[in-house]
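Here is a short report on one protein model. Look at the structure first, then read on.

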Amino acid sequence: MPKAKGKNRRHKYSYNLNRKRLYRSARRRAAPRIACSHIRQAWDPTKSVAQNLAEMGLAGDPNKAVPIPKKKRLVNQGKQLVRKPYVLNEMEYEASLPEKKSNTLSRDLIDYVRYMIQNHGENYKEMARDEKNYYQDTPKQIKRKINVYKNFYPEEYKEFVASLKQEKMEVQ
């Protein structure tokens, strides 16, 4: 297929275009992206970033906020007036909350592990040769997956093994 027309042409540089002015105006219009909702609510768009952060008791430059003192001279900094201390308090409170654990396994992996245990028990070599072993896991990989399932859902695993033992007793 032939190439599209104009693809091989040399692009001409426009010398009359002031790129610095375009870049500066685009930067001026862009508002800062603020991730924390507390900061976003207390933000005053008429003030600079440094002024907003100083009012909240936060630092824009960590090197200036906590300077490394020289051996010969000590740096004395006056405390700045914090007008919005609630922002800092709310952020500290959120940071002190415990993290939620979201350790879950996929439904497919849970079904796979249960099937293997139900049909083969603790025989990992047999599990590796099973037709449902689609990903051709080795015996060690299957053992690792079963151990992950045991660690994530210990109560569910105990109930499952207990139900398997009851089924075997009923069959005999």
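## Ground rules

This is a predicted model, where local features need pLDDT of at least 70, side-chain atom pairs count only at pLDDT 80 or more, and totals for chains, interfaces and linings use all residues. Residues are numbered from 1 along each chain as its sequence is written, and side-chain values use heavy atoms, with hydrogens and water left out.

## Asn-133

Asn-133 sits in the loop between α7 (124–128) and α8 (139–152). Helices are DSSP runs of H or I, at least four residues, numbered from the N terminus. Asn-133 counts as buried because its relative accessibility is 6%. Buried means under 20% relative accessible area, exposed over 50%, and partly exposed in between, with a 1.4 Å probe and protein chains only.

A polar atom of the Asn-133 side chain lies 2.9 Å from the backbone nitrogen of Asp-137. Leaving aside neighbours within four places in sequence, Asn-133 is in contact (heavy atoms within 4.5 Å) with Tyr-112, Met-116, Met-127, Ala-128 and Ile-142.

## Glu-126

Glu-126 belongs to helix α7. Its relative accessibility is 34%, so Glu-126 counts as partly exposed. Glu-126 and Pro-139 are 13 residues apart in sequence, and 8.2 Å apart in space, C-alpha to C-alpha.

## The second largest pocket

A pocket is an open set of points on a 1 Å grid over the protein atoms alone, where a 1.4 Å probe fits, with protein on both sides within 12 Å along at least five of seven lines; lining residues have an atom within 4 Å of a point. Helix α6 (residues 107–120) gives the largest share of the lining of the second largest pocket, 5 residues. Asn-133 is one of the lining residues, and Asp-137 is also among them.

Conventions:
Helix = DSSP H or I, 4+ residues; strand = E, 2+ residues; numbered from the N terminus. Polar contact = N/O pair within 3.5 Å; in protein donor to acceptor, adjacent residues only side chain to side chain.
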